[in-house]
Amino acid sequence: MSEQLPGETIDARAESARDHEALSFLRRYEVALVVLEGPGAGENIWITRLPFLVGRGEESTMALTHESVSRDHAEIHISTDGQLELVDKGSSNGSFVNSERVDTALLEDGDRIRFGSVRYQLLVEERGPMTYVAD
């Protein structure tokens with residue numbers, strides 16, 4: 001659950017529904033950020049939980065050490081209509097989707113994402129049915 005602020009109420013059912021949507025999405029799709037340049041170019045960073053936090057901070061799911069990335073840079077989560085959404089969290093150097101600076105953006109397979117000056121491509125593939133092969 002998210003941290004509760006003084007005087008704030010949390011609707012546990014709504015939060016539980018968001019968690020359920022995120023789990024359902026990740027069961028249906030494999031999601032990764034493909035490193036486009038620099039050390040690790042071509043490697044996949046698998047998104048295995050949502051929200052997916054990006055930044056230099058210790059609480060980040062994907063901790064980046066590049067100086068162009070803010071401590072609490074961006075978040076990828078499931079939007080209210082069940083799609084992947086990127087939200088910039090007030091970063092100094094911005095978040096970009098397909099070269100456009102965004103505060104929020106719905107994401108699709110193949111989108112090019114940049115956090116500060118660190119570049120990735122989003123990979124979203126539907127998982128195939130599980131099969132069993134008898135020996």
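Is Glu-75 buried or exposed? I looked this up before anything else, working from a predicted model. Glu-75 comes out buried, with a relative accessible area of 17%, and the cut-off for that label is under 20%.

I then checked what Glu-75 pairs with. Lys-89 forms a salt bridge with Glu-75, and the closest N and O atoms are 3.6 Å apart. Glu-75 sits in strand 5 and Lys-89 in the loop between strand 6 and strand 7, so this pair ties together parts 14 residues apart in sequence. I also found Asp-72 on the list: its side chain meets that of Lys-89 in a salt bridge at 3.5 Å, N to O. Asp-72 belongs to the loop between strand 4 (62–63) and strand 5, so its pairing with Lys-89 links parts that are 17 residues apart in sequence. Put together, the shared partners join Asp-72, Glu-75 and Lys-89 into one network.

**Entry: Arg-119 and Glu-37**

How many salt bridges does a search of the whole structure find? I got five. Another one I opened up is Arg-119 with Glu-37, at 3.1 Å from N to O. Arg-119 lies in strand 11 and Glu-37 in the loop between strand 1 and strand 2 (44–46), so the pair ties together parts 82 residues apart in sequence. Both ends got an accessibility check: Arg-119 is partly exposed at 33% relative accessibility, and Glu-37 is partly exposed at 40%.

**Entry: second largest pocket**

By class I noted six nonpolar, four polar and two charged residues. Strand 11 (residues 118–126) gives the largest share of the lining, three residues.

**Entry: nonpolar core**

Last, I went to the largest nonpolar core, which has 29 residues. Val-31, Leu-33, Leu-50, Ile-76, Leu-84 and Phe-115 have the most contacts inside it. Among the elements giving two or more residues to this core are helix 1 (12–28), strand 1 (29–35), strand 5 (74–78) and strand 11. Setting aside neighbours within four places in sequence, Leu-84 is in contact with residues including Phe-25, Val-31, Leu-50, Ile-76, Leu-107 and Val-124. His-77 is also one of the Leu-84 contacts.

Technical notes:
Residues are numbered from 1 along each chain as its sequence is written. This is a predicted model: local features need pLDDT of at least 70, side-chain atom pairs count only at pLDDT 80 or more; totals for chains, interfaces and linings use all residues. Side-chain values use heavy atoms; hydrogens and water are left out. Helices (H or I, at least four residues) and strands (E, at least two) are DSSP runs, numbered from the N terminus. Ala, Val, Leu, Ile, Met, Phe, Trp, Tyr, Cys and Pro count as nonpolar, Asp, Glu, Lys and Arg as charged, and the others, Gly among them, as polar. A nonpolar core is a set of buried Ala, Val, Leu, Ile, Met, Phe, Trp, Tyr and Cys residues joined through side-chain atoms within 4.5 Å. Buried means under 20% relative accessible area, exposed over 50%, partly exposed in between (1.4 Å probe, protein chains only). Contact means heavy atoms within 4.5 Å. A salt bridge is a side-chain nitrogen of Lys or Arg within 4 Å of a carboxyl oxygen of Asp or Glu.
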